[in-house]
Amino acid sequence: QVQLVESGGKLVQAGGSLRLSCAASGRDFSTYAMGWFRQAPAKEREAVAIISYSTWYADSVNGRFTISRDSANDMVYLQMNSLTPDDTAVYYCAARAGTASLRLSSWDNWGQGTQVTVSS
């Protein structure tokens, strides 16, 4: 059974940093694209950062966020720096067999999410 478990979300002040973690289990994820997505209140879920053979970042986080993976331990991380209130959202980890995609419906493995709140 595939399981993705996020952790690390909390309340932080603007300008601060957080590192989110995602623990994957249930299969070999070394060949999977892994991604971080977020959903703010009253907004659609959006892709934030994806790692496959390369990395991709949303324009809104490029230069501030860094995605990384530890394939030996099936972990994926999102280092978030210079946080702003606009980064407030539930952050989800997701896995997709094969190559990366920006089409959210093609990601078939999702975690439950972790809340990140940035205060001004």
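Arg38 and Asp87 are joined by a salt bridge, with their closest N and O atoms 2.9 Å apart. The two residues connect distant parts of the chain, 49 residues apart: Arg38 belongs to strand 4 (residues 32–39), and Asp87 to the loop between strand 8 and strand 9. A salt bridge here is a side-chain nitrogen of Lys or Arg within 4 Å of a carboxyl oxygen of Asp or Glu. Please keep in mind that this is a predicted model, in which local features need pLDDT of at least 70, side-chain atom pairs count only at pLDDT 80 or more, and totals for chains, interfaces and linings use all residues. Residues are numbered from 1 along each chain as its sequence is written, and side-chain values use heavy atoms, with hydrogens and water left out.

**The salt-bridge network**

- The model has 3 salt bridges by this rule, and a network of them links Arg38, Glu46, Arg64 and Asp87.
- Arg38 also meets Glu46, side chain to side chain, at 2.7 Å from N to O.
- Asp87 has a salt bridge with Arg64 too, the closest N and O atoms being 2.8 Å apart.
- That pair again links distant parts of the chain, 23 residues apart, since Arg64 sits in the loop between strand 6 (55–57) and strand 7 and Asp87 in the loop between strand 8 and strand 9.
- Arg38 is buried at 6% relative accessible area, and Asp87 is buried at 1%; buried means under 20%, exposed over 50%, and partly exposed in between (1.4 Å probe, protein chains only).
- Arg64 is buried as well, whereas Glu46 is partly exposed at 35% relative accessibility.

**The disulfide**

- There is 1 disulfide by the rule used, namely a pair of cysteine sulfur atoms within 2.5 Å.
- Cys22 and Cys93 form this bond, with their sulfur atoms 2.1 Å apart.
- Cys22 is in strand 3 (residues 18–25) and Cys93 in strand 9 (residues 89–97), so the bond ties together parts that are 71 residues apart in sequence.
- The torsion about the S-S bond is about -75°, so the disulfide is left-handed.
- Both Cys22 and Cys93 are buried.

- Strand 7 (residues 65–70) pairs with strand 8 (residues 75–80) in the antiparallel sense over 6 bridges; strands are DSSP runs (E, at least two residues), numbered from the N terminus, and pairing requires at least two DSSP bridges between them.
- Across this pairing, Arg69 stands opposite Val76 in strand 8.
- The two strands make a hairpin with 4 residues between them, and Asp74 in the turn has a positive phi of about 55°.
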